[in-house]
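Visitor: I am new to reading protein structures. Could you walk me through this one?

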Amino acid sequence: MARFESKIIGIDLGTTNTLVSYYDEIAKRGECCISREGGSLTPSAVFFENADSYIVGMDAKDCAILYPDRTALYFKRLMGETKKAIDIGGTVYSPQQLSAFVLKKVVEDAKEDLEEEVKDVVITVPAYFTSAAKQATKEAGIIAGLNVRDIIDEPCAALYHIDSIQDLSGKRVMIFDLGGGTLDLIAAEINDNEINEIAIGGDTRLGGKDWDSMLQKYIRNRYLNGRTLRPDDEQDFERDIEYVKKSLTGRLESRMILRDDALKIPVKITRSEFETCTKPLLDKVRKTIQIFMDDLIDRGVAGFDKIIMVGGASRMPQISELLRIMFHDTELIQKDCDEAVAKGAAVYAKRIAQKSKRFTVRQSFTPKKLNRISARSYGIAALLGDFGEKKICNMIFKSADLPASVSKKFYTSIDNQKKVNISVYETTAAERYVDLDDRMLLGNCELHIEGELPRRSEILVDFNLRQDGTLTVEGREPKGQTSVKAVMESRALLNAEELIEQKNTVNKLIMKE
Ligand code: AMP
(Lines give C-alpha, C1' and ligand atoms only; values in the text may rest on other atoms or scores of the structure.)
Protein backbone atom coordinates (compact mmCIF):
# COMPACT_ATOMS: atom_id res chain seq x y z
CA MET A 1 0.00 0.00 0.00
CA ALA A 2 1.38 3.43 -0.95
CA ARG A 3 1.71 5.71 2.07
CA PHE A 4 1.03 8.84 -0.07
CA GLU A 5 -1.93 8.46 -2.43
CA SER A 6 -3.54 11.91 -2.40
CA LYS A 7 -0.86 13.47 -4.66
CA ILE A 8 -1.76 16.83 -3.12
CA ILE A 9 0.47 18.05 -0.32
CA GLY A 10 -0.33 20.54 2.43
CA ILE A 11 1.95 23.52 3.04
CA ASP A 12 1.93 25.63 6.20
CA LEU A 13 3.63 28.76 4.83
CA GLY A 14 4.47 30.43 8.14
CA THR A 15 5.88 33.81 9.14
CA THR A 16 8.85 32.11 10.82
CA ASN A 17 8.77 28.51 9.59
CA THR A 18 7.29 26.55 6.71
CA LEU A 19 6.23 22.90 6.87
CA VAL A 20 5.05 20.40 4.26
CA SER A 21 2.81 17.45 4.93
CA TYR A 22 1.05 14.54 3.23
CA TYR A 23 -1.82 12.28 4.23
CA ASP A 24 -0.32 8.98 5.30
CA GLU A 25 -2.74 6.17 4.33
CA ILE A 26 -1.01 3.70 6.64
CA ALA A 27 -0.93 5.92 9.75
CA LYS A 28 -4.35 7.39 8.74
CA ARG A 29 -3.33 10.96 9.54
CA GLY A 30 -1.35 13.87 8.21
CA GLU A 31 2.42 13.51 8.55
CA CYS A 32 5.18 16.07 7.98
CA CYS A 33 7.81 15.65 5.29
CA ILE A 34 11.44 15.78 6.37
CA SER A 35 13.55 18.47 4.73
CA ARG A 36 17.06 17.93 3.37
CA GLU A 37 18.33 19.63 6.54
CA GLY A 38 16.79 16.82 8.55
CA GLY A 39 13.75 18.33 10.34
CA SER A 40 10.17 19.24 9.52
CA LEU A 41 10.60 23.03 9.96
CA THR A 42 12.21 25.19 7.27
CA PRO A 43 12.73 28.82 8.35
CA SER A 44 10.84 31.15 6.00
CA ALA A 45 14.01 33.08 5.19
CA VAL A 46 15.63 33.91 1.83
CA PHE A 47 19.26 35.01 1.51
CA PHE A 48 20.45 36.43 -1.82
CA GLU A 49 24.05 35.27 -2.12
CA ASN A 50 24.61 37.31 -5.28
CA ALA A 51 22.67 38.40 -8.36
CA ASP A 52 22.31 34.78 -9.56
CA SER A 53 21.65 32.64 -6.55
CA TYR A 54 19.73 32.38 -3.30
CA ILE A 55 19.51 30.19 -0.20
CA VAL A 56 16.31 29.31 1.71
CA GLY A 57 15.97 28.01 5.27
CA MET A 58 18.21 27.84 8.33
CA ASP A 59 21.38 28.97 6.52
CA ALA A 60 19.47 31.97 5.15
CA LYS A 61 18.10 32.83 8.61
CA ASP A 62 21.66 32.73 9.99
CA CYS A 63 22.72 35.33 7.41
CA ALA A 64 20.08 37.84 8.53
CA ILE A 65 22.23 39.78 11.00
CA LEU A 66 25.49 39.71 9.04
CA TYR A 67 23.83 40.60 5.73
CA PRO A 68 20.51 42.27 6.62
CA ASP A 69 20.35 44.02 3.23
CA ARG A 70 20.39 40.72 1.40
CA THR A 71 18.19 38.63 3.66
CA ALA A 72 14.40 38.61 3.63
CA LEU A 73 12.51 37.55 6.77
CA TYR A 74 8.92 37.90 8.02
CA PHE A 75 7.71 38.86 4.53
CA LYS A 76 4.42 37.07 5.21
CA ARG A 77 3.48 40.20 7.16
CA LEU A 78 3.70 42.19 3.90
CA MET A 79 1.45 39.89 1.87
CA GLY A 80 -1.43 41.82 0.38
CA GLU A 81 0.02 45.17 1.51
CA THR A 82 2.68 45.97 -1.07
CA LYS A 83 4.36 44.67 -4.19
CA LYS A 84 7.78 45.72 -2.89
CA ALA A 85 9.38 43.77 -0.06
CA ILE A 86 13.13 44.00 -0.63
CA ASP A 87 15.51 45.56 -3.17
CA ILE A 88 18.52 43.41 -4.00
CA GLY A 89 20.97 45.24 -6.24
CA GLY A 90 18.21 47.05 -8.09
CA THR A 91 15.84 44.06 -8.39
CA VAL A 92 12.75 44.58 -6.28
CA TYR A 93 11.16 41.37 -4.99
CA SER A 94 7.52 41.17 -3.97
CA PRO A 95 6.37 39.28 -0.85
CA GLN A 96 4.75 36.84 -3.31
CA GLN A 97 8.13 36.15 -4.97
CA LEU A 98 9.93 35.72 -1.64
CA SER A 99 7.24 33.25 -0.59
CA ALA A 100 7.66 31.49 -3.95
CA PHE A 101 11.38 30.93 -3.22
CA VAL A 102 10.39 29.25 0.05
CA LEU A 103 7.65 27.21 -1.63
CA LYS A 104 10.05 25.99 -4.32
CA LYS A 105 12.59 24.84 -1.75
CA VAL A 106 10.11 23.01 0.51
CA VAL A 107 8.39 21.31 -2.44
CA GLU A 108 11.78 20.14 -3.82
CA ASP A 109 12.57 18.66 -0.39
CA ALA A 110 9.13 17.03 -0.17
CA LYS A 111 9.57 15.40 -3.59
CA GLU A 112 12.81 13.86 -2.39
CA ASP A 113 11.27 12.68 0.87
CA LEU A 114 8.14 11.25 -0.76
CA GLU A 115 9.99 9.97 -3.87
CA GLU A 116 7.11 11.35 -5.92
CA GLU A 117 6.57 14.20 -8.36
CA VAL A 118 4.45 16.88 -6.65
CA LYS A 119 2.72 19.81 -8.33
CA ASP A 120 -0.60 20.13 -6.52
CA VAL A 121 -0.73 21.87 -3.16
CA VAL A 122 -3.04 23.26 -0.50
CA ILE A 123 -1.52 26.28 1.25
CA THR A 124 -2.63 27.49 4.66
CA VAL A 125 -3.15 31.18 5.49
CA PRO A 126 -4.10 33.03 8.67
CA ALA A 127 -7.90 33.12 8.95
CA TYR A 128 -7.63 36.82 9.67
CA PHE A 129 -5.55 37.54 6.57
CA THR A 130 -7.10 40.17 4.30
CA SER A 131 -8.61 39.10 1.00
CA ALA A 132 -5.60 40.63 -0.79
CA ALA A 133 -3.17 38.68 1.42
CA LYS A 134 -5.02 35.46 0.60
CA GLN A 135 -4.93 36.27 -3.11
CA ALA A 136 -1.20 37.13 -2.81
CA THR A 137 -0.61 33.67 -1.30
CA LYS A 138 -2.22 32.07 -4.36
CA GLU A 139 0.03 34.23 -6.53
CA ALA A 140 3.09 32.97 -4.62
CA GLY A 141 2.07 29.41 -5.49
CA ILE A 142 1.67 30.32 -9.18
CA ILE A 143 5.10 32.03 -9.25
CA ALA A 144 6.58 28.85 -7.72
CA GLY A 145 5.03 26.85 -10.60
CA LEU A 146 2.54 25.00 -8.39
CA ASN A 147 -1.15 24.17 -8.84
CA VAL A 148 -2.73 25.79 -5.80
CA ARG A 149 -5.78 23.54 -5.38
CA ASP A 150 -7.07 25.59 -2.46
CA ILE A 151 -6.00 27.82 0.38
CA ILE A 152 -7.39 27.06 3.82
CA ASP A 153 -7.35 28.97 7.10
CA GLU A 154 -4.61 27.79 9.45
CA PRO A 155 -6.88 27.19 12.48
CA CYS A 156 -9.28 25.16 10.30
CA ALA A 157 -6.39 23.07 9.08
CA ALA A 158 -5.41 22.41 12.72
CA LEU A 159 -9.03 21.42 13.37
CA TYR A 160 -8.87 18.86 10.53
CA HIS A 161 -5.78 17.35 12.14
CA ILE A 162 -7.29 17.10 15.64
CA ASP A 163 -10.59 15.78 14.21
CA SER A 164 -8.71 13.06 12.30
CA ILE A 165 -7.16 11.74 15.53
CA GLN A 166 -10.08 12.32 17.96
CA ASP A 167 -13.55 12.72 16.45
CA LEU A 168 -14.94 16.13 17.44
CA SER A 169 -18.48 15.50 16.11
CA GLY A 170 -21.11 17.22 18.22
CA LYS A 171 -18.66 19.72 19.70
CA ARG A 172 -18.34 23.49 19.51
CA VAL A 173 -14.69 24.49 19.61
CA MET A 174 -12.44 27.51 19.50
CA ILE A 175 -9.08 27.20 17.80
CA PHE A 176 -6.51 29.54 19.32
CA ASP A 177 -3.52 29.81 16.99
CA LEU A 178 -0.59 31.97 18.13
CA GLY A 179 2.27 31.56 15.68
CA GLY A 180 5.43 33.51 14.99
CA GLY A 181 3.65 36.51 13.50
CA THR A 182 -0.13 36.18 13.83
CA LEU A 183 -2.91 35.41 16.27
CA ASP A 184 -5.86 33.64 14.70
CA LEU A 185 -9.14 32.68 16.32
CA ILE A 186 -11.88 30.54 14.83
CA ALA A 187 -15.05 29.22 16.42
CA ALA A 188 -16.58 26.18 14.72
CA GLU A 189 -19.38 23.69 15.22
CA ILE A 190 -18.69 20.14 14.11
CA ASN A 191 -21.14 17.41 13.17
CA ASP A 192 -20.67 13.93 11.68
CA ASN A 193 -20.01 15.24 8.18
CA GLU A 194 -19.25 18.94 8.41
CA ILE A 195 -17.10 21.59 10.02
CA ASN A 196 -19.10 24.82 10.21
CA GLU A 197 -17.16 28.01 10.91
CA ILE A 198 -19.19 30.39 13.08
CA ALA A 199 -16.73 33.21 13.85
CA ILE A 200 -13.30 34.39 12.77
CA GLY A 201 -11.11 36.87 14.64
CA GLY A 202 -7.53 37.68 15.46
CA ASP A 203 -4.64 40.07 14.95
CA THR A 204 -2.34 39.74 11.93
CA ARG A 205 0.39 41.67 13.76
CA LEU A 206 0.71 39.75 17.00
CA GLY A 207 2.91 36.67 17.37
CA GLY A 208 5.87 35.05 19.11
CA LYS A 209 8.24 37.45 17.33
CA ASP A 210 6.71 40.33 19.33
CA TRP A 211 7.55 38.56 22.63
CA ASP A 212 11.15 38.23 21.37
CA SER A 213 11.29 41.95 20.52
CA MET A 214 9.90 43.02 23.90
CA LEU A 215 12.26 40.77 25.86
CA GLN A 216 15.15 42.05 23.73
CA LYS A 217 14.23 45.65 24.51
CA TYR A 218 14.01 44.89 28.23
CA ILE A 219 17.45 43.23 28.35
CA ARG A 220 19.01 45.92 26.16
CA ASN A 221 17.72 48.66 28.47
CA ARG A 222 18.77 46.83 31.59
CA TYR A 223 22.25 45.70 30.56
CA LEU A 224 23.28 47.80 27.57
CA ASN A 225 21.61 51.16 28.17
CA GLY A 226 20.20 50.89 24.63
CA ARG A 227 23.66 50.34 22.99
CA THR A 228 23.74 48.23 19.84
CA LEU A 229 26.13 45.30 19.52
CA ARG A 230 28.58 44.29 16.80
CA PRO A 231 26.69 42.48 13.99
CA ASP A 232 27.84 38.96 14.91
CA ASP A 233 27.19 39.57 18.63
CA GLU A 234 23.79 40.92 17.65
CA GLN A 235 23.07 37.70 15.77
CA ASP A 236 23.95 35.61 18.86
CA PHE A 237 21.88 37.97 21.04
CA GLU A 238 18.75 37.49 18.91
CA ARG A 239 19.18 33.73 18.86
CA ASP A 240 19.76 33.61 22.63
CA ILE A 241 16.70 35.77 23.28
CA GLU A 242 14.47 33.27 21.47
CA TYR A 243 16.18 30.45 23.37
CA VAL A 244 15.55 32.19 26.72
CA LYS A 245 11.91 32.82 25.80
CA LYS A 246 11.37 29.19 24.84
CA SER A 247 13.18 27.79 27.87
CA LEU A 248 11.02 29.91 30.20
CA THR A 249 8.08 27.83 29.00
CA GLY A 250 9.41 24.83 30.90
CA ARG A 251 11.57 26.55 33.52
CA LEU A 252 11.16 29.32 36.07
CA GLU A 253 14.56 30.83 35.32
CA SER A 254 16.90 31.03 32.33
CA ARG A 255 20.38 32.39 31.58
CA MET A 256 22.36 33.73 28.67
CA ILE A 257 25.70 35.45 28.08
CA LEU A 258 25.56 38.90 26.53
CA ARG A 259 28.71 39.61 24.51
CA ASP A 260 29.61 43.25 24.02
CA ASP A 261 33.08 43.80 22.50
CA ALA A 262 35.48 42.17 24.94
CA LEU A 263 32.89 42.08 27.74
CA LYS A 264 30.86 39.02 28.62
CA ILE A 265 27.82 39.92 30.73
CA PRO A 266 25.96 37.06 32.45
CA VAL A 267 22.19 37.60 32.24
CA LYS A 268 19.66 35.79 34.42
CA ILE A 269 15.97 36.19 33.81
CA THR A 270 13.01 34.70 35.65
CA ARG A 271 9.67 33.70 34.15
CA SER A 272 7.94 36.32 36.23
CA GLU A 273 10.29 39.06 34.91
CA PHE A 274 9.60 37.84 31.35
CA GLU A 275 5.86 37.88 31.96
CA THR A 276 6.01 41.36 33.46
CA CYS A 277 8.06 42.90 30.64
CA THR A 278 5.80 41.35 27.96
CA LYS A 279 2.49 42.07 29.74
CA PRO A 280 1.24 44.55 27.10
CA LEU A 281 1.29 41.69 24.59
CA LEU A 282 -0.81 39.43 26.83
CA ASP A 283 -3.23 42.35 27.26
CA LYS A 284 -3.47 42.54 23.47
CA VAL A 285 -4.31 38.82 23.32
CA ARG A 286 -6.98 39.30 26.01
CA LYS A 287 -8.51 42.22 24.15
CA THR A 288 -8.58 40.31 20.84
CA ILE A 289 -10.37 37.37 22.50
CA GLN A 290 -12.81 39.75 24.17
CA ILE A 291 -13.77 41.39 20.86
CA PHE A 292 -14.18 37.91 19.33
CA MET A 293 -16.39 36.74 22.21
CA ASP A 294 -18.50 39.95 22.30
CA ASP A 295 -19.52 39.26 18.71
CA LEU A 296 -20.34 35.59 19.52
CA ILE A 297 -22.27 36.46 22.69
CA ASP A 298 -24.40 38.90 20.63
CA ARG A 299 -25.25 35.90 18.47
CA GLY A 300 -26.13 33.69 21.46
CA VAL A 301 -22.87 31.69 21.74
CA ALA A 302 -21.42 31.95 25.23
CA GLY A 303 -18.74 29.26 25.33
CA PHE A 304 -17.06 26.18 23.90
CA ASP A 305 -16.74 22.46 24.63
CA LYS A 306 -13.03 22.52 23.84
CA ILE A 307 -10.28 25.00 23.01
CA ILE A 308 -7.58 23.76 20.65
CA MET A 309 -4.27 25.58 21.10
CA VAL A 310 -1.85 25.60 18.18
CA GLY A 311 1.15 27.65 17.02
CA GLY A 312 4.55 27.55 18.75
CA ALA A 313 3.93 30.68 20.83
CA SER A 314 0.77 29.22 22.41
CA ARG A 315 3.13 27.05 24.51
CA MET A 316 3.94 30.03 26.77
CA PRO A 317 2.37 29.28 30.21
CA GLN A 318 0.91 32.81 30.39
CA ILE A 319 -1.27 31.94 27.38
CA SER A 320 -2.88 28.80 28.85
CA GLU A 321 -3.30 30.65 32.14
CA LEU A 322 -5.14 33.47 30.36
CA LEU A 323 -7.41 31.01 28.54
CA ARG A 324 -8.16 29.19 31.81
CA ILE A 325 -9.12 32.49 33.46
CA MET A 326 -11.28 33.59 30.53
CA PHE A 327 -12.96 30.22 29.85
CA HIS A 328 -13.03 28.55 33.32
CA ASP A 329 -13.82 24.84 32.90
CA THR A 330 -13.31 24.53 29.15
CA GLU A 331 -10.95 21.71 28.18
CA LEU A 332 -7.70 22.95 26.59
CA ILE A 333 -6.18 20.67 23.94
CA GLN A 334 -2.50 21.28 23.18
CA LYS A 335 -1.29 18.66 20.72
CA ASP A 336 1.25 18.94 17.93
CA CYS A 337 1.51 22.72 18.44
CA ASP A 338 4.05 23.18 15.64
CA GLU A 339 2.77 20.64 13.15
CA ALA A 340 -1.02 20.56 13.55
CA VAL A 341 -1.65 23.17 10.83
CA ALA A 342 0.53 21.44 8.24
CA LYS A 343 -0.77 17.97 9.09
CA GLY A 344 -4.37 19.19 8.91
CA ALA A 345 -3.73 20.79 5.51
CA ALA A 346 -2.78 17.29 4.31
CA VAL A 347 -6.06 15.88 5.68
CA TYR A 348 -7.96 18.60 3.81
CA ALA A 349 -5.86 17.88 0.69
CA LYS A 350 -7.06 14.26 0.89
CA ARG A 351 -10.65 15.51 0.79
CA ILE A 352 -9.91 17.54 -2.37
CA ALA A 353 -8.18 14.54 -3.95
CA GLN A 354 -11.14 12.28 -3.13
CA LYS A 355 -13.54 14.72 -4.78
CA SER A 356 -11.33 15.11 -7.85
CA LYS A 357 -11.61 12.87 -10.90
CA ARG A 358 -7.87 13.26 -11.55
CA PHE A 359 -6.78 11.13 -8.63
CA THR A 360 -7.66 7.65 -7.37
CA VAL A 361 -7.68 7.85 -3.60
CA ARG A 362 -9.11 5.28 -1.19
CA GLN A 363 -12.35 6.30 0.50
CA SER A 364 -11.70 4.52 3.85
CA PHE A 365 -11.70 7.87 5.65
CA THR A 366 -13.48 10.92 4.29
CA PRO A 367 -12.48 14.23 5.88
CA LYS A 368 -15.46 16.42 6.74
CA LYS A 369 -16.87 19.13 4.48
CA LEU A 370 -15.80 22.66 5.40
CA ASN A 371 -18.45 25.39 5.42
CA ARG A 372 -16.67 28.71 5.57
CA ILE A 373 -17.58 32.25 6.52
CA SER A 374 -16.13 35.63 5.67
CA ALA A 375 -13.54 37.08 8.07
CA ARG A 376 -14.31 40.67 6.98
CA SER A 377 -16.95 42.97 5.54
CA TYR A 378 -16.61 44.36 2.00
CA GLY A 379 -18.11 47.51 0.57
CA ILE A 380 -17.57 50.53 -1.63
CA ALA A 381 -17.27 54.25 -0.96
CA ALA A 382 -20.55 55.99 -1.79
CA LEU A 383 -22.31 59.30 -1.16
CA LEU A 384 -25.30 58.94 1.13
CA GLY A 385 -27.89 60.88 -0.88
CA ASP A 386 -27.14 63.81 -3.21
CA PHE A 387 -25.52 66.01 -0.58
CA GLY A 388 -24.79 63.35 1.97
CA GLU A 389 -21.58 62.21 3.59
CA LYS A 390 -19.22 59.83 1.81
CA LYS A 391 -19.15 56.51 3.65
CA ILE A 392 -18.22 52.89 3.09
CA CYS A 393 -21.40 51.09 2.11
CA ASN A 394 -20.91 47.42 3.03
CA MET A 395 -22.21 44.84 0.58
CA ILE A 396 -20.88 41.57 2.02
CA PHE A 397 -20.79 41.34 5.79
CA LYS A 398 -18.38 39.74 8.22
CA SER A 399 -19.42 36.13 9.03
CA ALA A 400 -21.45 35.80 5.77
CA ASP A 401 -21.56 32.24 4.43
CA LEU A 402 -19.10 31.66 1.58
CA PRO A 403 -19.16 31.80 -1.36
CA ALA A 404 -21.10 35.08 -1.41
CA SER A 405 -22.21 37.09 -4.44
CA VAL A 406 -23.94 40.45 -4.17
CA SER A 407 -24.95 42.99 -6.84
CA LYS A 408 -25.99 46.50 -5.94
CA LYS A 409 -27.15 49.50 -7.94
CA PHE A 410 -25.43 52.85 -7.59
CA TYR A 411 -26.03 56.00 -9.66
CA THR A 412 -23.91 58.51 -11.56
CA SER A 413 -23.84 61.89 -9.83
CA ILE A 414 -23.61 64.30 -12.82
CA ASP A 415 -24.79 64.47 -16.45
CA ASN A 416 -22.35 62.93 -18.98
CA GLN A 417 -20.17 61.46 -16.28
CA LYS A 418 -17.17 59.89 -18.08
CA LYS A 419 -15.56 58.02 -15.23
CA VAL A 420 -16.87 56.17 -12.22
CA ASN A 421 -14.29 55.28 -9.61
CA ILE A 422 -15.38 52.36 -7.47
CA SER A 423 -13.22 52.21 -4.34
CA VAL A 424 -13.44 48.87 -2.55
CA TYR A 425 -12.92 48.68 1.22
CA GLU A 426 -12.37 45.78 3.59
CA THR A 427 -13.26 46.30 7.26
CA THR A 428 -14.12 44.34 10.37
CA ALA A 429 -17.24 46.46 10.98
CA ALA A 430 -20.58 44.69 10.96
CA GLU A 431 -22.70 47.81 10.17
CA ARG A 432 -24.02 48.74 6.71
CA TYR A 433 -22.41 52.23 6.71
CA VAL A 434 -18.89 52.78 8.04
CA ASP A 435 -16.65 55.88 8.22
CA LEU A 436 -14.10 56.07 5.41
CA ASP A 437 -10.59 55.01 6.37
CA ASP A 438 -7.95 54.84 3.65
CA ARG A 439 -6.00 52.17 5.50
CA MET A 440 -8.91 49.83 4.69
CA LEU A 441 -8.81 50.50 0.95
CA LEU A 442 -8.50 47.18 -0.88
CA GLY A 443 -8.44 48.38 -4.48
CA ASN A 444 -10.05 50.47 -7.16
CA CYS A 445 -12.18 49.70 -10.13
CA GLU A 446 -12.30 52.48 -12.75
CA LEU A 447 -15.23 52.42 -15.12
CA HIS A 448 -14.88 54.54 -18.29
CA ILE A 449 -18.23 55.46 -19.80
CA GLU A 450 -18.59 56.09 -23.51
CA GLY A 451 -21.55 58.06 -24.82
CA GLU A 452 -23.70 60.46 -22.89
CA LEU A 453 -25.63 59.38 -19.85
CA PRO A 454 -27.97 61.55 -17.80
CA ARG A 455 -27.31 62.08 -14.08
CA ARG A 456 -28.60 59.20 -11.91
CA SER A 457 -27.87 56.54 -14.53
CA GLU A 458 -27.47 53.07 -13.10
CA ILE A 459 -24.07 51.58 -12.31
CA LEU A 460 -24.07 47.95 -11.20
CA VAL A 461 -21.40 46.74 -8.82
CA ASP A 462 -20.89 42.96 -8.47
CA PHE A 463 -19.00 41.53 -5.49
CA ASN A 464 -17.97 37.90 -5.54
CA LEU A 465 -16.27 36.53 -2.43
CA ARG A 466 -15.00 33.01 -3.13
CA GLN A 467 -14.86 30.04 -0.73
CA ASP A 468 -11.19 30.75 -0.06
CA GLY A 469 -11.87 34.36 1.02
CA THR A 470 -10.55 36.08 -2.12
CA LEU A 471 -12.67 38.83 -3.63
CA THR A 472 -13.39 39.95 -7.19
CA VAL A 473 -15.26 43.17 -7.92
CA GLU A 474 -16.72 44.29 -11.23
CA GLY A 475 -18.40 47.53 -12.16
CA ARG A 476 -20.89 47.58 -15.04
CA GLU A 477 -22.79 50.29 -16.85
CA PRO A 478 -25.63 48.27 -18.33
CA LYS A 479 -27.75 50.72 -20.29
CA GLY A 480 -25.35 52.84 -22.38
CA GLN A 481 -24.79 52.25 -26.09
CA THR A 482 -21.87 49.96 -25.24
CA SER A 483 -22.04 48.35 -21.86
CA VAL A 484 -18.64 48.67 -20.17
CA LYS A 485 -17.07 46.62 -17.42
CA ALA A 486 -14.02 47.07 -15.18
CA VAL A 487 -12.29 44.76 -12.72
CA MET A 488 -10.77 45.82 -9.40
CA GLU A 489 -7.04 46.38 -9.23
CA SER A 490 -5.14 46.33 -5.95
CA ARG A 491 -1.85 48.02 -5.05
CA ALA A 492 -0.47 44.76 -3.69
CA LEU A 493 -1.64 42.21 -6.25
CA LEU A 494 -0.05 41.23 -9.54
CA ASN A 495 -1.62 41.33 -12.98
CA ALA A 496 -1.09 38.51 -15.51
CA GLU A 497 2.01 40.15 -17.02
CA GLU A 498 3.62 40.82 -13.65
CA LEU A 499 2.97 37.22 -12.63
CA ILE A 500 4.81 35.87 -15.68
CA GLU A 501 7.66 38.35 -15.25
CA GLN A 502 8.09 37.52 -11.55
CA LYS A 503 7.91 33.79 -12.26
CA ASN A 504 10.68 34.15 -14.87
CA THR A 505 12.87 36.06 -12.42
CA VAL A 506 12.41 33.37 -9.77
CA ASN A 507 13.18 30.61 -12.30
CA LYS A 508 16.33 32.37 -13.50
CA LEU A 509 17.96 32.30 -10.06
CA ILE A 510 19.76 29.19 -8.83
CA MET A 511 18.77 27.70 -5.49
CA LYS A 512 21.93 26.90 -3.52
CA GLU A 513 22.15 24.32 -0.71
P1 AMP B 1 4.92 28.89 14.46
O2 AMP B 1 4.66 30.05 13.53
O3 AMP B 1 3.72 28.17 14.89
O4 AMP B 1 6.04 28.01 13.98
O5 AMP B 1 5.45 29.57 15.84
C6 AMP B 1 6.71 30.07 15.93
C7 AMP B 1 6.79 30.90 17.19
O8 AMP B 1 6.60 30.07 18.35
C9 AMP B 1 8.16 31.53 17.34
O10 AMP B 1 8.00 32.87 17.78
C11 AMP B 1 8.80 30.67 18.41
O12 AMP B 1 9.78 31.38 19.13
C13 AMP B 1 7.61 30.34 19.29
N14 AMP B 1 7.84 29.13 20.12
C15 AMP B 1 8.16 27.89 19.71
N16 AMP B 1 8.33 27.06 20.75
C17 AMP B 1 8.10 27.82 21.87
C18 AMP B 1 8.13 27.54 23.28
N19 AMP B 1 8.46 26.34 23.76
N20 AMP B 1 7.85 28.56 24.12
C21 AMP B 1 7.55 29.79 23.66
N22 AMP B 1 7.50 30.11 22.35
C23 AMP B 1 7.78 29.13 21.46
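Visitor: How far is a backbone N or O atom of Gly 312 from an oxygen atom of the ligand?

Guide: This is a predicted model, in which local features need pLDDT of at least 70, side-chain atom pairs count only at pLDDT 80 or more, and totals for chains, interfaces and linings use all residues. Residues are numbered from 1 along each chain as its sequence is written, and side-chain values use heavy atoms, leaving out hydrogens and water. A polar contact is a pair of N or O atoms within 3.5 Å; within protein, one must be able to donate a hydrogen and the other to accept it, and residues adjacent in sequence count only if both atoms are side-chain atoms. For Gly 312 and the ligand oxygen, the distance is 2.9 Å.

Visitor: Which residue has a polar side-chain atom 2.5 Å from an oxygen atom of the ligand?

Guide: Let's look at two side chains. Arg 315 has a side-chain N or O atom 3.1 Å from a nitrogen atom of the ligand. The residue with a polar side-chain atom 2.5 Å from a ligand oxygen is Glu 242.

Visitor: How many disulfides does a search of the whole structure find?

Guide: A disulfide here is a pair of cysteine sulfur atoms within 2.5 Å. For Cys 393, the nearest cysteine sulfur is that of Cys 445, 15 Å away. The search of the whole structure finds zero.

Visitor: Is Cys 393 buried or exposed?

Guide: Buried means under 20% relative accessible area, exposed over 50%, and partly exposed in between (1.4 Å probe, protein chains only). Cys 393 has 3% relative accessibility, so it counts as buried.
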